[in-house]
Amino acid sequence: MSRRIKIKVDANQAGIVAGLRKAGYAVQTLEQGGGVPDLLISDRATGQTRLIEVKMPGGKLTPAQRIWIDDWPGAVHVVMSADEALDVVAADRHRCRGRA
C-alpha cells in the first residue's frame, strides 16, 4: 500500500496560478514534497520553462527546499504574489527575445 504525504500548499498559490494562467502561461502544480518547487511554468510564446517555489509573505524555505534548490542545476524562483511570478516570467521572456 502506498503512503500518502500531505503536501502543504500556501494560501497564495491559487492566486498565483490563476494570474499566470490568465496571462497565457501553462502551469503545472508539482505537489511532490521533499523540497521540490511548487510550480512548473511554461511560456507558450517562447517555450521556456521555469520552476517556481511559492511562499507566503515572510515565509522561508525549509531545509529540504534549500537542499533541493542548491542541488538543482537550473534556476528556481521564489515568489510571494502573482505580480512577482509575472515579473519572473516577463524577465525571462525579455531575455529570450533578446537572444534572437
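**Exercise 1.** Determine how the residues lining the largest cavity divide into nonpolar, polar and charged.

*Solution.* Step 1: the model is predicted, with pLDDT of at least 70 needed for local features and 80 or more for side-chain atom pairs, while totals for chains, interfaces and linings use all residues. Residues are numbered from 1 along each chain as its sequence is written, and side-chain values use heavy atoms, without hydrogens and water.

Step 2: a cavity is a set of points on a 1 Å grid over the protein atoms alone where a 1.4 Å probe fits but cannot get out, and lining residues have an atom within 4 Å of a point. The lining here consists of Ile7, Lys8, Val9, Gln13, Glu31 and Asp38.

Step 3: Asp, Glu, Lys and Arg count as charged, Ala, Val, Leu, Ile, Met, Phe, Trp, Tyr, Cys and Pro as nonpolar, and the others as polar. The division is two nonpolar, one polar and three charged.

**Exercise 2.** Describe the position and exposure of Glu31.

*Solution.* Step 1: Glu31 lies in the loop between strand 1 (26–29) and strand 2; strands are DSSP runs of E with at least two residues.

Step 2: Glu31 counts as partly exposed because its relative accessibility is 47%, between the limits for buried (under 20%) and exposed (over 50%), with a 1.4 Å probe and protein chains only.

Step 3: the phi angle of Glu31 is near 45 degrees, a positive value in a residue other than glycine.

**Exercise 3.** List the contacts of Ile52, leaving aside neighbours within four places in sequence.

*Solution.* With contact defined as heavy atoms within 4.5 Å, Ile52 touches Pro37, Asp38, Leu39, Ile41, His77, Val79 and Ala85.

Conventions
1 Å grid on protein atoms, 1.4 Å probe; cavity = no way out; pocket = protein on both sides within 12 Å on 5 of 7 lines; lining within 4 Å. Helix = DSSP H or I, 4+ residues; strand = E, 2+ residues; numbered from the N terminus.
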